Amino acid sequence: MANGTLFHYYGTKDQLIVALYMHIKRQMAGCMPGANAGDTVAAQCRFFYTSALRWGLENPTAFRFLQQFMSSPYVAMLPPEFVSETHAWLQVVHNGIASGI
């Protein structure tokens, strides 16, 4: 693929990397149904952890990319609404904090 083709859709390499992260993260989120709201906070945390681990084992290259991205300066380029859209487990963490766990 020619460089010009990529930059027709993405203005910079940075935008391409962030778009790729968002695409993979949405795929991952789509494979993880929500935790049962009736479960304890610990059970919900375990559910999200094991679901993410299972997805990572099934998609090792994508998982490595996600891990590298989270340690890069590109993470600051993520729109805040995207983070809340793809991180359902954050609500479980907030519930745990609110309940004193």
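I take the radius of gyration over C-alpha atoms, and my globule rule is 2.2 Å times the number of residues to the power 0.38. For 101 residues a compact globule would come near 13 Å, but I get 16 Å for the protein. I also looked up the span of the C-alpha trace along its principal axes, which is about 50 × 25 × 20 Å.

Ground rules next. This is a predicted model, where local features need pLDDT of at least 70, side-chain atom pairs count only at pLDDT 80 or more, and totals for chains, interfaces and linings use all residues. Residues are numbered from 1 along each chain as its sequence is written, and side-chain values use heavy atoms, with hydrogens and water left out.

**Elements.** I took helices (H or I, at least four residues) and strands (E, at least two) as DSSP runs, numbered from the N terminus. I find six helices and zero strands. The order from the N terminus is α-α-α-α-α-α.

**Contacts and surface.** I call it a contact when heavy atoms lie within 4.5 Å. Among contacts with a separation of 6 or more, 67% join residues 24 or more positions apart. With the Shrake-Rupley method and a 1.4 Å probe, the protein exposes about 6900 Å². Carbon and sulfur atoms supply 61% of that area. Buried means under 20% relative accessible area, exposed over 50%, and partly exposed in between (1.4 Å probe, protein chains only). By that rule 27% of the 101 residues are buried.

**Aromatic rings.** I pair rings of Phe, Tyr and Trp (its six-membered ring) if their centres lie within 6.5 Å; planes under 30 degrees apart are stacked, over 60 edge-to-face, the rest tilted. How many aromatic pairs does a search of the whole structure find? It finds five.

I checked Phe-47 and Phe-48: their ring centres lie 5.3 Å apart with planes at 70°, so this pair is edge-to-face. Is each of the two buried or partly exposed? Phe-47 has 25% relative accessibility, so it counts as partly exposed. Phe-48 has 9%, so it counts as buried.

Then I turned to Phe-65 and Phe-69, whose ring centres are 6.2 Å apart with planes at 40°, so the pair is tilted. Both lie in helix H4 (residues 60-70), four residues apart, about one turn of the helix. Phe-69 is buried, at a relative accessible area of 3%.
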